[in-house]
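Thanks, everyone. I have one structure to walk through today. Please bring it up on your screens.

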Amino acid sequence: MRLITSQLWFLAGGLVLAMGCAPAISHVRALEESPHIIVHDASWKQVSVAIAAYNLARGRKLDLVRPNELVLYRAKQAPDGSEQVTSKTVYDYLFMPDSVLITSHLYRTNDLDDTNAVEAEDSATYFAEQQELSAIAKAIGKPADEGEIAEPLPTH
């Protein structure tokens with residue numbers, strides 16, 4: 001009886017450990033599958049400007065700016081002349097002591113406020129997003145042409 005009880009406790013402890021580790025394992029797996037890039041020694045400004053410049057040059061428009069997220073969208077002109085949203089791309093970044101992790105998520109949607117929009121998760125989309133992130137990473141840290149980026153004026 002005592003042997004069975006100790007075996008049950010051992011099994012229960014193993015299950016608790018396995019369940020406790022499961023979210024971390026799935027998080028790592030999800031990161032490996034989703035488009036991402038790590039850039040060393042980059043500031044918030046460098047990351048934000050590179051992401052915005054890349055996307056604006058390709059006809060996307062800025063929707064939302066947060067300290068760890070940029071949301072841009074693509075739109076086309078509807079027959080009535082209004083702007084019709086076709087997709088939005090969310091860039092998340094996580095700053096670490098010596099680097100920044102940037103992830104990209106593309107949503108096909110006609111409403112920027114749609115919280116139920118489904119992420120495009122096909123391999124062709126992931127490949128295109130990864131290519132975009134690589135181009136953005138190359139732009140981070142490169143000096144901009146003079147007059148290209150607005151700087152705040154000093155206050156007296």
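Start at the hairpin. Strands β2 and β3 form it, with two residues between them. This is a predicted model, so please keep that in mind throughout. The two strands run antiparallel and pair over five bridges. Strand β3 covers residues 69-77, and β2 covers 61-66.

In β4, the bridge partner of Y73 is K88. Nine bridges join β3 to β4, and this pairing is antiparallel too.

Now zoom out to the sheet. What is the strand order? It reads β1-β5-β4-β3-β2, an open sheet of five strands with antiparallel pairing. The edge strands are β1, residues 36-40, and β2; each of them pairs on one side only. From one strand to the next, the twist averages 20°.

Next, the helix on the sheet. Helix α2 packs there and touches β2, β3, β4 and β5. The direction of α2 makes about 155° with that of β4.

Let me place this in the whole chain. There are three helices and five strands. Along the sequence, the pattern is α-β-α-β-β-β-β-α. The chain has 156 residues, and 31% of them count as buried. Take the contacts between residues at least 6 apart in sequence: 45% of these join residues at least 24 apart. The accessible surface comes to about 10,900 Å². Carbon and sulfur atoms account for 60% of that.

On to the charges. How many salt bridges does a search of the whole structure find? It finds three. I will take them in turn.

One pairs E132 with R60, with the closest N and O atoms 2.8 Å apart. This pair links distant parts of the chain. E132 sits in helix α3, residues 123-139, while R60 is in the loop between α2 and β2. The two are 72 residues apart. The cut-off for buried is under 20%.

The side chains of E83 and K61 meet in a salt bridge, at 2.4 Å from N to O. Here E83 belongs to strand β4 and K61 to strand β2, and they are 22 residues apart.

The remaining bridge joins the side chains of R66 and E69, at 2.8 Å from N to O. R66 counts as partly exposed, because its relative accessibility is 43%. E69 is at 14%, so it counts as buried.

Now a histidine. H105 lies in strand β5, residues 99-108. Its relative accessibility is 16%, so H105 counts as buried. Which residues does H105 contact, leaving aside its neighbours within four places in sequence? They are K88, T89, V90, D92, E119 and E129.

Last item: the nonpolar surface. W44, L56, L62, V65 and F95 make a nonpolar patch of about 450 Å². Where do they come from? Helix α2, residues 44-56, and strand β2 each supply at least two residues of the patch. F95 lies in strand β4, which spans residues 83-95. F95 has 35% relative accessibility, so it counts as partly exposed.

To recap the picture. The sheet is open and five-stranded, with β1 and β2 at the edges. Helix α2 packs on it. Strand β2 pairs with β3, carries K61 of the bridge to E83 and supplies residues to the nonpolar patch. That is my walk-through; I'm happy to go back to any part.

Technical notes: Residues are numbered from 1 along each chain as its sequence is written. This is a predicted model: local features need pLDDT of at least 70, side-chain atom pairs count only at pLDDT 80 or more; totals for chains, interfaces and linings use all residues. Side-chain values use heavy atoms; hydrogens and water are left out. Patches are made of residues with over 30% relative accessible area and no salt bridge: like charges are joined within 9 Å, nonpolar side chains (Val, Leu, Ile, Met, Phe, Trp, Tyr) within 5 Å. Accessible areas come from the Shrake-Rupley method with a 1.4 Å probe; for residues, only the protein chains shown count as cover. A salt bridge is a side-chain nitrogen of Lys or Arg within 4 Å of a carboxyl oxygen of Asp or Glu. Helices (H or I, at least four residues) and strands (E, at least two) are DSSP runs, numbered from the N terminus. Buried means under 20% relative accessible area, exposed over 50%, partly exposed in between (1.4 Å probe, protein chains only). Two strands pair if DSSP finds at least two bridges between them. Contact means heavy atoms within 4.5 Å. Axes are lines fitted to C-alpha atoms, for helices over the stretch in contact, and angles run from 0 to 180 degrees between N-to-C directions.
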